[in-house]
Structure formats: structure tokens, C-alpha cells
Amino acid sequence: MAEIRSPLRRLLPVAAAVSFPVFLLPQSWAKAGCTTARSLRRRLAPCGKCLAARGGKLSILAVVCGGGRLTCITGKMSRLGQVDSWAGPVELPLSTRIRTRDCRSKVSFFTVRFNFHGDLPFFLGSRARDGIIERSLSEKTSVKDVIESCGVPHPEVDLILIKRRPVNFTHVLERDEDIDVFPVQFQCTLFEDNRLQVRSVCGFVADGHLGRLTRLLRLLGFDLAYDRHAQDRELLAIMQSENRALLTRDRRLLMHAIVQTGYCPRSQNADEQTIEVLRRFNLFSSIAPFSRCLRCNAPLQKIDKAEIIEKLEPLTKIYYEQFRRCTGCGQIYWPGSHFSKLEKRLEQIRAQCVISAI
């Protein structure tokens with residue numbers, strides 16, 4: 001039996017021979033006390049794993065060379081074997097002594113095969129443009145965790161089918177399965193009572209990278225909280241306290257467990273993002289243009305010209321008669337020279353919404 005020596009002459013016993021030879025390189029002498037090392041009279045220092053095992057913190061594989069044969073043992077050092085001083089070599093007891101080949105845990109692997117439908121392959125990248133991904137698992141795992149490990153946030157998933165039967169996010173995978181995953185917009189009328197997402201939402205909160213989308217949605221009259229400097233934790237707090245849907249292109253933010261409803265715009269174009277949001281939350285019939293403040297998101301209220309005449313510019317007093325004032329910040333709005341351009345842009349968005357709904 002070979003020994004691992006420390007500067008304090010502490011010894012670690014090893015056992016359980018394995019039937020193949022080993023050749024120790026010079027750099028391994030510091031980790032294994034062998035007959036070759038002793039013949040060269042090298043003073044050996046214990047490695048980090050040896051010290052951790054001796055402290056009872058780590059199960060290690062101790063390897064030494066004895067007569068040209070590899071001997072090894074897997075065990076955890078017992079703290080009971082430690083003493084304050086050492087008069088000579090002292091053997092530290094091991095809590096277990098098991099042959100190496102017997103200590104391999106028998107792990108049962110199984111494979112799950114996902115088929116992501118609709119536009120969900122957008123989140124898979126170039127790995128699976130066809131929407132098919134396989135995962136090899138070694139333990140029971142919820143279907144939600146495996147779906148998100150593929151890159152798809154759970155608010156984007158509306159229906160999960162296993163063997164043509166719907167399951168929810170808490171369903172546990174423990175055997176080979178074929179799983180179909182559907183987004184909200186997918187044209188499927190099956191299992192309407194087993195859908196996982198809310199179809200319509202009244203309020204939203206957007207992250208700081210969606211300023212143009214925020215402006216367009218407010219122009220269309222939708223309630224959308226926005227602060228370009230808000231941190232992720234602040235967005236989640238607003239979403240939860242005010243019961244809003246989260247709009248962000250940060251898929252990791254959508255994967256937070258507290259996110260119940262949310263959407264990740266696929267396009268980087270503000271007009272196309274607006275159409276996506278209107279389609280996702282079925283907002284076509286709720287459009288009310290120029291009814292919300294673009295600055296603070298508060299509703300606008302009609303007001304007589306006489307009440308605000310002192311706050312208007314000279315030419316505005318002459319050429320305009322219809323005014324609205326924000327109930328929050330007091331900002332005054334009227335149909336100025338840019339009004340026709342805004343109307344044309346909103347009409348184009350409405351037309352695209354009709355086309356996409358067909």
C-alpha cells in the first residue's frame with residue numbers, strides 16, 4: 001500500500017487495486033507518494049484536493065503507484081481522525097471504502113424531443129431552424145425548465161401537447177417523450193380551455209429599448225408604462241403591482257418566474273413591433289388614437305380654447321380651435337402641421353393589422 005505524505009507527515013491510506021498500469025509524470029509526484037518518488041527522496045506536498053478531503057469537505061479519488069500498478073479508492077475523510085500533533089505516521093480512517101468500479105452511480109438517461117411550432121423557432125437560433133430540438137436528461141425535470149433551456153421564454157408558450165394531450169408548465173418529464181409546443185398566435189382551435197396564456201391585456205410595461213414602440217402604442221391609445229432608465233427589478237415590480245404585461249426583447253427577463261404575461265417583439269422596426277403587439281393581445285378593436293399623453297401616459301381630456309388661451313402661442317390661437325389637455329402632466333395637444341402625417345402612419349398600421357388578421 002502506498003502513502004500520500006504531507007509536510008506534517010500525515011498519511012492517507014488507499015486500497016482497491018485496479019487492473020491497469022500507470023506511469024507517473026514528474027509533475028504528478030506532488031500529488032501521489034509512490035515508490036519512485038521515495039527512491040528519489042523527494043519531499044512531497046499535499047495537493048488541494050487532498051487537503052479538502054482531509055478536512056472532511058470532499059470525496060476524492062486518491063491515486064498512487066505501488067509496484068507499477070494503479071491503486072485507488074473513493075472515500076470521504078472523517079474529521080474524527082484528525083489530531084493536533086503527530087509523532088509519526090498516523091492513518092486517517094475513511095468513512096467508506098468502496099471499489100472504484102462499484103462506486104459509479106447507475107444513472108438512467110432519457111430523451112425528450114421538442115417540436116416548436118409557429119414563430120417559436122425564432123428563439124432557437126441557427127441550431128434548429130426546423131423547430132426540432134432533442135434534450136437528454138438524467139433526472140426528473142419540469143417541462144417549463146426544459147423549454148426555457150432551449151431558449152424559449154414561458155410567456156411565449158400557449159399550448160403544450162404530450163401524446164396529443166395538453167399539459168401545463170409543472171408537468172414532470174421522466175421518460176422518453178415527443179412534445180409539441182405552440183405559441184399564442186398559432187392558428188389552432190384545439191384545447192381552448194387548456195391554454196397557458198392570457199389573450200387580451202389592458203396595460204403594458206416596456207423596457208428602455210422600446211421607446212419608439214411605446215410612442216406608437218400610446219398614439220393608438222394604449223396604457224403603457226415606460227421609463228428608459230428603469231432597471232429590470234423595477235420593471236418586474238411595476239408589472240406585478242399594476243398587473244401589466246411585460247414587453248421586452250430581453251428573453252432572459254421574460255424567463256423570470258414572476259412574469260405571468262409578456263411578449264418579445266421579433267422585429268426591430270417600431271411599426272412592425274406595434275402590429276405584433278396588437279395581434280398578440282388582440283387589440284384591434286381597442287384602438288383609440290390621440291387619447292393618451294405621449295409623455296406621461298395619462299389620458300387626454302378635451303378642453304375649451306378659452307380655458308387655455310393664455311398658454312397658447314400667437315399663431316396657435318389664430319389657426320386652431322380643438323385642444324386636449326393631459327390629466328396628468330397638463331401638456332396641451334392640438335392637431336398641428338404634423339397631425340396629418342401621424343394619421344397616415346396610423347392608418348398604415350391599421351391596414352397591416354387587417355392583412356395579418358386574414
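## A walk around the largest pocket and beyond

Start by selecting α4, β17 (300-303), β18 (323-326), β19 (332-333) and α10 (339-357): each of these supplies at least two residues of the lining of the largest pocket. Bear in mind as you click around that this is a predicted model.

Now colour β17, which gives the most to that lining, with three residues. The space in the largest pocket comes to about 610 Å³.

Next, go to helix α4, residues 211-219. Which of its residues are buried? Select L213, T214, L216, L217, R218 and L219 and you have them. Then step past the end of the helix to G221, which follows α4 and has a positive phi, near 95°.

Time for the cysteines. How many disulfides are there, taking sulfur pairs within 2.5 Å? The count comes to zero. Pick C329 to see a case: the nearest cysteine sulfur belongs to C326 and is 3.7 Å away, and C329 is in no disulfide. C329 is partly exposed, at 43% relative accessible area. Hop over to C202, which counts as exposed because its relative accessibility is 71%.

Y319 sits in helix α9, residues 314-319. With a relative accessible area of 60%, Y319 is exposed.

Key:
Residues numbered from 1 in each chain as written. Predicted model: local features only at pLDDT ≥ 70, side-chain atom pairs only at ≥ 80, totals over all residues. Heavy atoms only, no water. Buried < 20%, exposed > 50% of the residue type's maximum accessible area, 1.4 Å probe, protein only. Helix = DSSP H or I, 4+ residues; strand = E, 2+ residues; numbered from the N terminus. Disulfide = S-S within 2.5 Å. 1 Å grid on protein atoms, 1.4 Å probe; cavity = no way out; pocket = protein on both sides within 12 Å on 5 of 7 lines; lining within 4 Å. Points joined across faces, edges and corners; volume = space filled by probe spheres on them.
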